Amino acid sequence: MSTAKPSSSLMAQFKPGERVEVNSNDRGFRGSWYAGTVVRREAKNTNRYVVEYDQLYADESGEKLLQETLDWVQLRPPPPPPEKKVQFKVEDEVEAFYSDGWWEGAIIAEHSGGKFAVFLRGFDEQIVLEEKDLRLPVQWVKGKWEPRFEQVQREKENSNFSKEVMKFTQGMQVEVLTDEDGLKGAWFAATIIEPSGEDKYLIEYKTLRNDDDTEFLREVIRACNIRPCPPEIIVVDGFKVWDAVDAYYNEGWWVGVIAKVLINSNYEVNFIEYDEKTTFNLADLRPHQDWLNGKWVVP
């Protein structure tokens, strides 16, 4: 049985020296885009190209850049810069520059200083990145760029999906991500007191107290930094190395990764944002969960 070849009008034509991005089929790289340059066409009548990567190397010495022969469908031109400055928000689908490539992810929290916590699907983990390391996803379709985020917006509007920030009610038990120095990246238990302007709420912490220690601290927090309390997950057999966890430390829950399993249900945890390791008992750990698109996701 003969196999129909793709129409030449649909096949991208790349020239030597042309800048491209590569979508690899290799395990561990799926869903990512890496920058490179076309070296040559494999043969005159083929649809395959030899590409040299910008930041991937052929060996551990890092002296010779990696070259691969790739099918034309794995290549695309570099996406054009946005026509106007992008205002990233919590729940935005993004591509994040990490480990020398662009990876699919979603913004799950906003930090001060133009930084965002991003859940990377290819790594099943959360990292904090600067705004310059984020871009909106686009796709190369039939020789032109098509903005995926606009398609998603249209689909959500057609299905009556609202992308508004979640609304919280008075007395609701929540967790809050604070921007205060020394506490960034941690989630603290709190109670919603009342709305305070557009997409902001006055909250009262359940563990943090004011400066003179006379009452629990109250603050006005943006809705994008508030989430419901995560559901309890019973850990039966303990954690394994590389498991994503939240560790209860300094009155809040801090995102980390199990670095070492110790005796007597103790674990060494590496805090992602601060690159510090501390020992915790199982009783002070919980499986890490991310609040994405109105539901809890377990990495």
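Welcome! This is a predicted model, in which local features need pLDDT of at least 70, side-chain atom pairs count only at pLDDT 80 or more, and totals for chains, interfaces and linings use all residues. Residues are numbered from 1 along each chain as its sequence is written, and side-chain values use heavy atoms, with hydrogens and water left out.

**Paired strands**
- Strands are DSSP runs (E, at least two residues) numbered from the N terminus, and two of them pair if DSSP finds at least two bridges between them.
- Strand 14 (residues 186–195) and strand 15 (residues 200–209) run antiparallel, joined by five bridges.
- Their hairpin has four residues between the strands, and glycine 197 takes a positive phi near 90 degrees there.
- Strand 15 also runs antiparallel to strand 16 (residues 216–222), with six bridges joining them.
- This second hairpin has six residues between its strands, and aspartate 213 in the turn has a positive phi of about 60 degrees.
- Isoleucine 203 links the picture: its bridge partners are isoleucine 192 and, in strand 16, glutamate 219.

**Surface**
- Valine 241 sits in the loop between strand 17 (226–228) and strand 18 (244–249).
- With 39% relative accessibility, valine 241 is partly exposed (buried means under 20% relative accessible area, exposed over 50%, partly exposed in between; 1.4 Å probe, protein chains only).

**Cysteines**
- Searching the whole structure gives zero disulfides (pairs of cysteine sulfur atoms within 2.5 Å).
- Cysteine 224 is buried at 19% relative accessibility, whereas cysteine 229 is partly exposed at 37%.
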